[in-house]
Amino acid sequence: MKKEHIFLFLIFIFALFTTEKVVGQRIMSNNFQPQHEFRIGMGYKPFEAAKISFGDPWFVFHVPLIDFNVDDYYSGARYTTNAIFGEYTYQASSWFGIGATVTYFSYYNNYYDAENDAYVGRNITSHYSFFPTLRFTWFRRPAFSMYTSFGLGVRYVFENDRVHNVETSDFRESISGQFTLLGLTIGKKVYCFSDISTIGTQGTITIGLGYRLISSKR
Amino acid sequence: MRTKIYFIVSLVLVLTSCEIRGPEEKPDFAIPGKQMFGYTEDNLNRMCELFDITLKLNTYIEAPDSLKPDVNQKYLANFTVKSSSDSSIWYLYEGSWSDPVYEVITDSKPLTTEGAVWLLKKYGVDSCSVSCLQKNSWRFIEINSVYYYPGTNADLQFTCTDTLTPHDYYSANYQIEGECNTLLEDYSQDVLIECSTVNPLKHKADSYYNFSGGSLLLSAQEDEITHIVTAEYKNVTDYSRTIIMTYDGKSKSYSDL
């Protein structure tokens, strides 16, 4: 684990701890009981799946006399599993929560022979993300709430590529995160949620189920 | 239990999947072979033209003086023919071009005589030796091409396939066998294409394509990998042909190139 990851993790733990002690106690006077929230959900089309193109290069540097680097295979359609995520949030006050999210999704496609269309291999790229999350609930009713949230963290990417029985693997790290302008929850203890105006690792819209557990700490 | 979990997880992932990009366009895996064939065919066509010019000039030289203007008009209409004082060197001028396009050095024997050896130079491009093996068969050796195809060389045998000796070379058909190499060079890539005929090339006179059929075996090396191409082709009509290209063991058919 890299230094910056450890640093992020420590900030998260520190924030969790201090929120519990300081903010949580202040909330008590408002009759809000701190809660632990657990969520599982799905997100549609992770951010990377969006096509961002700057067009074809306008200048070709060199065209070889004979282009020997022509593939004898081609990629079939590429798919994403979409994001599947789990989330924990400590709802310290009626408006403030802090937590963490783990997300998994992958991209995959098959390769086919250019001569006879036979299957010759596949590519699977799995993304594992972890990021601390801050949630600001700005509208709250007993069975309905609206919030804004964001998180930023790390991502581990494992890519496995196999063509004609030649297998290559790659591991890389990058950032992950999610920004939600508008998220909704409907329900009390068990509730549904949807981030309907969101973008990031989890996608451009999410849905899922959550469970609230009243914190025993006072 | 583990298998079931794996199955369920896989099922969920598949069910939640969606397409983010359609299939790629299928690549033409035989493009390198196609390019190798194209350069080789250019080279062979060029040699056919040189051979053709040589035979036409031979007809001109052998014609009586009274018929020379007619032969010139029929076979070498675009050229002005001149010769050295001893008639051993012949020049073909095109238009107002100050230098001869072709220079042909004869050994004073007609090119249709067994043992005759002529030397043909195309201005700025080729130096070829043509020798008569027998009445209807010639050996054509291209050497010292220094400009357009540096290092190109060839050793081809042209054999007339007409029943009678073709006095009218304009409509003569040949079969061509042998080998030729084409060296391509630019600032970033040097490729030597080695070509040999598997089945003789069937040259068809006065056709859109020079060759009506035949097959070639080509090879080229890049980064210590030798790429092999076999190209078997035939003319469907005078204006269309099919070529079955096998590049590194995989075949593709083209209706034309």
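The legends below describe close-up views of a predicted model. Local features require pLDDT of at least 70 and side-chain atom pairs count only at pLDDT 80 or more, whereas totals for chains, interfaces and linings use all residues. Residues are numbered from 1 along each chain as its sequence is written, chains are lettered from A in the order in which they are written, and side-chain values use heavy atoms, with hydrogens and water left out.

**View 1. The interface of chain B and chain A.** In this interface, 36 residues of chain B are in contact (heavy atoms within 4.5 Å) with 35 residues of chain A. The size of an interface is often given as the accessible area lost when the parts come together. Here the two chains bury about 3,000 Å² between them, a value summed over both parts and found with a 1.4 Å probe. Carbon and sulfur atoms account for 60% of this buried area.

View 2. Three salt bridges cross the interface; each is a side-chain nitrogen of Lys or Arg within 4 Å of a carboxyl oxygen of Asp or Glu. A salt bridge joins the side chains of A:Asp72 and B:Lys250, at 3.3 Å from N to O. The elements of chain B that each supply at least two residues of the side touching chain A include helix H1 (2-15), helix H2 (31-62) and strand S14 (250-254). H2(B) gives the largest share of that side, five residues. Helices (H or I, at least four residues) and strands (E, at least two) are DSSP runs, numbered from the N terminus.

View 3. B:Ser17 is found in the loop between H1 and S1 of chain B. With a relative accessible area of 19%, B:Ser17 is buried, because buried means under 20% (1.4 Å probe, protein chains only). Leaving aside residues up to four places away in sequence, B:Ser17 touches A:Thr80, A:Thr81, A:Asn82 and A:Tyr108. The side chain of B:Ser17 reaches the backbone oxygen of A:Thr80 at 3.5 Å, and the side chains of B:Ser17 and A:Tyr108 are joined by a polar contact of 2.7 Å. A polar contact is a pair of N or O atoms within 3.5 Å; within protein, one must be able to donate a hydrogen and the other to accept it, and residues adjacent in sequence count only if both atoms are side-chain atoms.

**View 4. A:Phe179 on strand S8.** A:Phe179 is found in strand S8 (residues 166-187) of chain A. Its relative accessible area is 40%, so A:Phe179 is partly exposed, a class lying between under 20% and over 50%.
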